[in-house]
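Please look over the sequence and the structure before reading the points below.

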Amino acid sequence: MDYDMLVIGSGPSGRRAAVQSAKLGKAVLVVDRGRRLGGVSVHTGTIPSKTLRETVLNLSGWRERGFYGRGYRVKQDILVGDLIERLHKTLDHEVEVLQHQFMRNTVKSARAAVKFLGPNRASLTTDTGDYSEVGFAHALIAVGTRPHRPRDVPFDKTRVFDSDEMLELERLPRTLTVIGAGVIGVEYATIFSALDVPVTLVEPRNTILDFVDREIVDDFIHQMRDRGMTIRLGSAIKEIASKPDYAEVTLADGRTIRSEMVLYAAGRTGNVGALGLDVVGIEADSRGRIKVDPQTFRTSAPNIYAAGDVIGFPSLASTSMEQGRVAACHAFGVPLPPPPETFPYGIYAVPEISTVGQSEEQVREGGGAYEVGVARFRETSRGHIMGVNTGFLKLLFSIETRRLLGAHIVGEGATELIHIGQAVINLGGTVDFFVNNTFNYPTLAEAYKIAGLDAWARMGRG
């Protein structure tokens with residue numbers, strides 16, 4: 001059978017492209033080789049790690065420790081089963097919603113591996129070996145990524161794990177070493193630290209989270225160290241060994257780190273190996289990433305698009321969804337307005353980090369005069385009520401235009417609060433918005449008014 005749109009992968013970008021194509025009246029087939037729909041995002045990535053985080057924060061009583069002390073716990077003995085039970089409930093719900101969404105929009109789906117046979121034809125092979133072929137006018141590659149697994153790392157699911165395997169733990173580690181301080185690494189490291197597991201975080205580079213404002217990162221690192229995490233920056237890995245009773249990580253400077261388990265979270269690789277990209281003239285880089293036109297997400301093959309993590313940074317579920325929608329609209333000639341210049345990043349560590357617009361480093365590089373406003377969460381009444389002792393909001397304003405250039409948050413609720421800053425930036429708002437508007441009281445959002453007044457006092461009335 002022939003389809004207008006063949007979508008390979010059912011994660012955020014594939015799902016959104018499929019539904020958008022169907023709403024345009026097109027015949028759509030989504031093919032995923034996973035056991036269930038949802039892709040990496042639902043089964044091993046975004047949803048599981050965020051569910052795990054929420055479960056840990058609830059059961060550990062982390063949010064109440066500002067009042068009751070560091071020894072406070074809601075459940076004294078937290079077991080893996082406590083975490084997995086909620087995880088499976090959440091995943092079942094996500095899959096059910098997705099299946100209903102496809103059914104409502106008459107999107108067909110199949111479980112199979114896809115291989116391109118030509119620019120308009122592909123083969124589908126199921127786990128049981130059933131083979132079929134389909135034709136397509138357009139295709140979207142949305143296959144996502146998997147953890148990077150170097151050959152010299154002894155992954156054994158006993159002592160040494162990748163980030164996917166961390167969701168299959170049979171028991172919580174007494175001690176944990178996390179290698180790689182990217183988004184995934186810091187999320188898992190801080191989640192296990194919230195369970196009072198002693199964690200060592202190792203990063204070969206001297207800095208972490210380079211796309212985030214430095215002041216926010218510095219505060220984040222301080223909070224991690226303050227609660228007992230060990231952080232080794234600028235520490236290259238020489239060897240990882242799995243022993244009968246422990247795992248041992250040897251650093252290039254000769255130091256060794258022993259822990260019960262090691263999580264290797266240094267990078268991810270695109271799932272493109274079996275697609276037969278060479279048949280359609282598409283090349284992937286050494287990490288399996290596909291190059292696309294950043295405006296349309298079209299690959300070097302004119303009728304084939306790619307979106308989501310497989311095209312690289314920013315690798316966010318939120319941006320992947322929009323990439324899928326844009327690709328589908330472009331494929332079928334539907335004009336779209338230019339996208340907003342800024343979108344938020346969310347890092348679901350403990351504490352959360354979220355950022356939108358320019359960092360202070362980027363504003364400095366631009367050369368324009370600017371002012372900064374800061375509000376600490378502990379300065380808000382809501383912060384006192386919640387027992388929040390850490391976290392802050394940072395706003396950057398142009399002195400010339402008074403417009404908000406960037407908003408950066410580390411602390412409780414950061415990924416929710418950031419959308420106020422996003423709206424003001426994208427609508428061209430100024431410092432006067434925060435000074436003149438009323439915010440609900442008591443809320444953490446009131447920090448925007450405090451930070452706005454902080455900057456306004458130094459900027460003058462304009």
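How many cavities of 30 Å³ or more does the rule count? The count comes to 1 cavity. In this predicted model, the chain is divided into domain 1 (3–147 + 269–332), domain 2 (160–266) and domain 3 (351–459).

**The cavity**

- The largest cavity holds about 100 Å³ of space.
- Its lining is made up of 13 residues. Those that lie nearest the centre of the cavity are Leu52, Leu83, Met166, Leu169 and Phe192.
- By residue class, the lining divides into 13 nonpolar residues, with no polar and no charged ones.
- Three helices, α3 (46–60), α5 (80–104) and α6 (183–194), each supply at least two residues of this lining.
- Of the elements that contribute, α5 gives the most to the lining, with 4 residues.

**Domain 1 and domain 3**

- The C-alpha centres of domain 1 and domain 3 are 33 Å apart.
- The contact between these two domains takes 4 residues from domain 1 and 7 residues from domain 3.
- About 450 Å² of area is buried between domain 1 and domain 3, and carbon and sulfur atoms give 38% of it.
- On the side of domain 1, the residues that lose the most area to domain 3 are Arg53, Arg63 and Phe67. Together these residues account for 77% of what that side buries.
- The rule finds 2 salt bridges across the interface of domain 1 and domain 3.

**Salt bridges**

- By the rule used here, the count of salt bridges comes to 26.
- Arg63 forms a salt bridge with Glu412, and the closest N and O atoms of this pair are 2.9 Å apart. Arg63 is also one of the residues of domain 1 that lose the most area to domain 3.
- Another salt bridge joins the side chains of Glu168 and Lys157, at 2.8 Å from N to O.
- Which parts of the chain does the pair of Glu168 and Lys157 tie together? Glu168 lies in the loop between β8 (160–161) and β9 (176–179), and Lys157 lies in the loop between β7 (145–147) and β8, so the pair ties together parts that are 11 residues apart in sequence.

Note on methods:
Residues numbered from 1 in each chain as written. Predicted model: local features only at pLDDT ≥ 70, side-chain atom pairs only at ≥ 80, totals over all residues. Heavy atoms only, no water. 1 Å grid on protein atoms, 1.4 Å probe; cavity = no way out; pocket = protein on both sides within 12 Å on 5 of 7 lines; lining within 4 Å. Points joined across faces, edges and corners; volume = space filled by probe spheres on them. Nonpolar A, V, L, I, M, F, W, Y, C, P; charged D, E, K, R; others polar. Domains from an automatic or database assignment. Contact = heavy atoms within 4.5 Å. Buried area = accessible area lost by both parts, 1.4 Å probe. Salt bridge = Lys/Arg side-chain N within 4 Å of Asp/Glu carboxyl O.
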